[in-house]
Amino acid sequence: PKSKMAAATEDPAILRRNRPGTKAQDFYNWPYEPFEEMDSTLAVQQFIQQNIRQDHNNIDKILEPPEGQDEGVWKYEHLRQFCLELNGLAVKLQTECNPETCTQMTATEQWIFLCAAHKTPKECPAIDYTRHTLDGAASLLNSNKYFPSRVSIKESSVAKLGSVCRRIYRIFSHAYYHHRNIFDEFENETCLCKRFTVFVTKYNLMSKDNLIVPILEEGPGESEA
């Protein structure tokens, strides 16, 4: 009994929580946890977020699934994470993207996108399109009808992920072509568009013709758009 007590004292359970009052620089200040030791239905999300925090530039590692991981769940959890992080870009866009300056959701002069949040798809100011699209994606990805489980997903539900990818990618393309300074600042902080582009290419979730932000044309290791 004594030896067990000594072991418990030497190796207390690590509580991976940001307690109230934690300073910003101390957030997530706990040891790396291997995926096989994560005992939670949210393990895939936690693993993805852990790898992003460790090095957001290491896209290959972030997108590399653990051995034996269900591919549908892996794609689903990554898409949830992209939507979470895209809210950060949406907040930055609000400083200069408004209904008066950006009356349509455009990317270059060639692309105008209709908003699917209405009964009949129609034109929306770009910032409204951004909000509607992220709200719609969150609604679908949190739907008990299509995604009742975080550990197993029906193939018919996985098939819906491609349309979500196409719609949220338009937020990147509008920012790149019409708010380049905001895009560059956000991309340098997160590598989110580059990670998203590698992700949809790897899993064939979007046609390459629709990937109009030239983010993969740089050399390896470069994160500038």
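Here are some friendly notes on the model above, taken point by point.

1. A word on ground rules. This is a predicted model, in which local features need pLDDT of at least 70, side-chain atom pairs count only at pLDDT 80 or more, and totals for chains, interfaces and linings use all residues. Residues are numbered from 1 along each chain as its sequence is written, and side-chain values use heavy atoms, with hydrogens and water left out.

2. The overall picture. The protein has nine helices and two strands, and from the N terminus the order is α-α-α-α-β-β-α-α-α-α-α. Helices (H or I, at least four residues) and strands (E, at least two) are DSSP runs, numbered from the N terminus. Of the 225 residues, 41% are buried, where buried means under 20% relative accessible area, exposed over 50% and partly exposed in between (1.4 Å probe, protein chains only). Among contacts with a separation of 6 or more, 65% come from residues 24 or more positions apart; a contact means heavy atoms within 4.5 Å.

3. The buried residues are A126, I127, Y129, T130, T133, L134, A137, L140 and L141. They lie on the same side of α5 because they cover an arc of only 165° around the axis, the arc being that of the directions from the helix axis to the C-beta atoms. The face turned away from this buried side carries the exposed residues D135 and S139. The cover over the buried residues includes α4 (71–93), β1 (105–107), β2 (111–113) and α7 (161–178).

4. T133 is buried, with a relative accessible area of 10%. Setting aside neighbours within four places in sequence, T133 is in contact with R167 and I168.

5. Further along, α8 (residues 180–190) packs against α9 (residues 192–202) at an angle of about 70°, with the axes 7 Å apart. The two helices are therefore roughly perpendicular, a label for angles of 65 to 115 degrees. Axes here are lines fitted to C-alpha atoms, for helices over the stretch in contact, and angles run from 0 to 180 degrees between N-to-C directions.

6. Who meets whom there? F183, F186, E187 and T190 in α8 meet L192, C193, K194 and R195 in α9.

How values were computed: Parallel < 35°, antiparallel > 145°, perpendicular 65-115°, else oblique.
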